Amino acid sequence: MDFDISGEQEQVRNLARDFAQREISPVAREDDLNEHYRPEITQKMADLGLLGAPLPLEYGGAGLDYVTYLMICEEIAKASAGVFTTCLTVHTSLFQMSILRFGSENLKQRFLPRATGGEILGCFALTEPNIGSDAADIELSARPDGSNWVLRGNKMWISNGGIADIALVFAQTDKTKRHRGITAFLVERGAPGFSSRNIHGKLGLRDSNTAELIFQDCMVPSENMLGEVGEGFKVAMYALDCARLSTAAACVGVAQASIEAAVKYARERKQFGRPIAGFQLVQEMVAETVAETETARWFVYRAGSMKDKGQNFVREASIAKYYAAEVAVRAAQKGIKIHGGYGYSNEYPAERYLRDAIGLQLYEGTAEIQKLIIARETLGVAAFV
Ligand code: COS
């Protein structure tokens with residue numbers, strides 16, 4: 001058991017931290033207010049090697065282990081959970097990791113170097129207007145037509161959906177087989193019959209794009225199938241496992257941001273003739289949040305190191321996502337309490353951390369789904385009955 005962070009990990013973490021503080025933090029409030037996505041931040045991250053960190057060098061990645069990638073996730077999310085969502089959990093964990101694991105050499109060559117280089121952005125289209133947690137029950141259909149497949153149906157709440165160049169789309173190719181009848185396709189923007197509609201008014205993660213995707217008899221060439229016919233559910237589950245780890249790391253980042261903002265405020269704010277940092281009830285809130293955040297951080301690293309060693313990390317990914325998201329929400333709530341009335345206004349970032357943490361808690365499987373997975377893995381039962 002080795003709890004030491006290597007010199008390279010420290011270097012990469014500092015690089016991500018410096019970048020986030022220099023390029024993301026100064027615009028995070030403004031972009032949250034205006035629901036604004038900045039493509040230039042994505043491109044700068046690509047230039048620094050932060051867009052394909054866990055991808056091999058041969059596909060333009062940085063060839064880093066997953067734990068180091070999780071450190072990057074934490075630092076970027078600390079500045080903006082929306083930028084993290086766009087560039088890391090969606091584009092890297094869900095989109096690129098799926099292609100790396102299930103793509104033919106042709107698909108990897110076609111898409112990965114452009115994705116790691118920031119030339120194209122990906123999205124992951126699983127959720128539908130009627131289907132969220134029960135991912136095996138999706139309705140969007142794909143039927144073969146010569147050397148193409150024809151997709152019909154809609155996807156909902158798709159992060160990056162309105163700005164992505166390529167969508168990883170999950171479709172039913174045989175409804176009678178439930179999860180074994182799902183197939184994954186890479187659909188390029190501009191494919192006939194493919195359009196998107198941006199969704200506005202989200203509570204948090206407002207500097208990230210979210211859209212509905214519409215497929216009206218959209219033709220997709222067979223070579224754009226990711227994996228085999230009927231293998232789509234496996235692709236989705238693998239991608240979600242990878243992304244639950246990165247989102248858990250992001251939750252640690254948001255919790256850390258809440259702590260730092262609260263500590264700064266508590267040292268400056270005076271009541272009853274002294275800084276509120278001197279009051280034990282404030283100290284209690286800080287201490288609880290620090291203890292929980294440190295615990296979450298080290299569990300996230302442990303889960304990541306299991307992935308790096310090629311071990312099964314399904315249970316650990318769900319524990320990490322569930323626990324770290326709860327910690328982020330609690331940390332943000334306490335951060336607001338410490339700020340008092342100022343924490344309730346967007347003059348300070350405390351309220352943004354809470355709105356963002358609630359978003360992180362919902363996507364890639366709600367807290368309830370993570371608990372069901374942990375229970376199933378522990379009890380050894382297959383079905384949720
Ligand atoms: N990793 C790899 N394989 C997995 C897996 C995982 N995490 N979870 C399930 N599988 C496999 C099972 O082993 C099973 O394989 P076989 O076909 O070989 O038997 C198959 O997938 C079906 O599993 P299961 O019967 O357990 O599927 P269920 O439909 O009961 O439920 C859950 C699976 C609930 C875990 C899945 O639907 C899920 O994760 N839902 C949440 C979806 C989500 O996160 N949505 C967020 C939006 S996307 S950002």
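How many residues of domain 2 are in contact with domain 3, and how many residues of domain 3 take part?

Author: This is a predicted model. The domain assignment gives three parts: domain 1 (7-120), domain 2 (123-232) and domain 3 (234-379). Take the boundary between the last two. Here 13 residues of domain 2 are in contact with 14 residues of domain 3. The C-alpha centres of domain 2 and domain 3 lie 30 Å apart.

Now the area. About 1,000 Å² is buried between domain 2 and domain 3. Carbon and sulfur atoms give 73% of that area. On the domain 2 side, the residues that lose the most area to domain 3 are Leu-203, Leu-205 and Glu-231. Together they account for 46% of what that side buries.

Next, the polar side of the interface. The rule finds seven residue pairs in polar contact across domain 2 and domain 3, both residues at pLDDT 80 or more. It finds one salt bridge across this interface. Glu-231 also has a side-chain partner: it meets Lys-234 in a salt bridge, at 3.8 Å from N to O.

Last, a word on the nonpolar setting. The largest nonpolar core holds 113 residues. Helix α6 (residues 232-268) gives the most to this core, with 18 residues. Apart from that core lies another, of seven residues, among them Tyr-265, Ala-266, Ile-276 and Val-282.

Terms used: Residues are numbered from 1 along each chain as its sequence is written. This is a predicted model: local features need pLDDT of at least 70, side-chain atom pairs count only at pLDDT 80 or more; totals for chains, interfaces and linings use all residues. Side-chain values use heavy atoms; hydrogens and water are left out. A nonpolar core is a set of buried Ala, Val, Leu, Ile, Met, Phe, Trp, Tyr and Cys residues joined through side-chain atoms within 4.5 Å. Buried means under 20% relative accessible area, exposed over 50%, partly exposed in between (1.4 Å probe, protein chains only). Helices (H or I, at least four residues) and strands (E, at least two) are DSSP runs, numbered from the N terminus. Domain bounds come from an automatic or database domain assignment. Contact means heavy atoms within 4.5 Å. Buried area is the accessible area (1.4 Å probe) that two parts lose on being put together, summed over both. A salt bridge is a side-chain nitrogen of Lys or Arg within 4 Å of a carboxyl oxygen of Asp or Glu. A polar contact is a pair of N or O atoms within 3.5 Å; within protein, one must be able to donate a hydrogen and the other to accept it, and residues adjacent in sequence count only if both atoms are side-chain atoms.
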